[in-house]
Amino acid sequence: MSATNPIMDLLVEIAVPTASHPSEIVHIARLVKADCPEFDEDKFIQRAVTHWEDQHADELAAQQDDYFAMVNGKEGADV
C-alpha cells in the first residue's frame, strides 16, 4: 500500500467522522504505519485531529462551559 496524499485525504474523510476521540485517530495512524512504513503518521495525525476538532467545536465548547460552570459553582451546569 502506498500512502499517497489522496489516500491520506480519504482516511481523514473516513476516519475522522467515526472517531469519538482524537486518540482513536492516533490508533488508526499506527495501524496504517505498521502496514505502510512510508505513511507520514505525524502529518496524518495533525490533519485528522484538526479536522476532528473543527467538526466537534460546538460540543467541545459546551463541555468546557459546563466544566467552568461546575468548578465556579454556577447553577445550571449540565453535569
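This note goes through the fold, the core and one surface patch of a predicted model.

1. Overall fold. The protein chain has 4 helices and 0 strands. Along the sequence the pattern reads α-α-α-α.

2. Burial and surface. The protein chain has 79 residues, and 27% of them count as buried.

3. Contacts along the chain. Take the contacts between residues at least 6 apart in sequence. Of these, 58% join residues at least 24 apart.

4. The core. In soluble globular proteins, nonpolar side chains tend to be buried together. Here the largest nonpolar core has 15 residues. Val 16, Ile 25, Phe 39, Phe 44 and Ala 48 have the most contacts inside it. Three helices each supply at least two residues of this core: α1 (5-18), α2 (22-35) and α3 (41-55). The largest share, 5 residues, comes from α3.

5. A closer look at Ala 48. Which residues does Ala 48 touch, leaving aside its neighbours within four places in sequence? Ala 48 is in contact with Val 12, Val 16 and Ile 25. Val 16 and Ile 25 are also listed among the core residues with the most contacts.

6. The surface patch. Tyr 67, Phe 68, Met 70 and Val 71 make a nonpolar surface patch. The patch covers about 380 Å². Tyr 67 lies in helix α4, which spans residues 57-71. Is Tyr 67 buried, partly exposed or exposed? Tyr 67 counts as partly exposed because its relative accessibility is 44%, between the 20% and 50% cut-offs.

Definitions and conventions. Residues numbered from 1 in each chain as written. Predicted model: local features only at pLDDT ≥ 70, side-chain atom pairs only at ≥ 80, totals over all residues. Heavy atoms only, no water. Buried < 20%, exposed > 50% of the residue type's maximum accessible area, 1.4 Å probe, protein only. Contact = heavy atoms within 4.5 Å. Core = buried A, V, L, I, M, F, W, Y, C linked by side-chain atoms within 4.5 Å. Patch = residues over 30% accessible without salt bridge, like charges linked within 9 Å, V, L, I, M, F, W, Y side chains within 5 Å. Areas by Shrake-Rupley, 256 points an atom, 1.4 Å probe, with all protein chains shown as cover. Salt bridge = Lys/Arg side-chain N within 4 Å of Asp/Glu carboxyl O.
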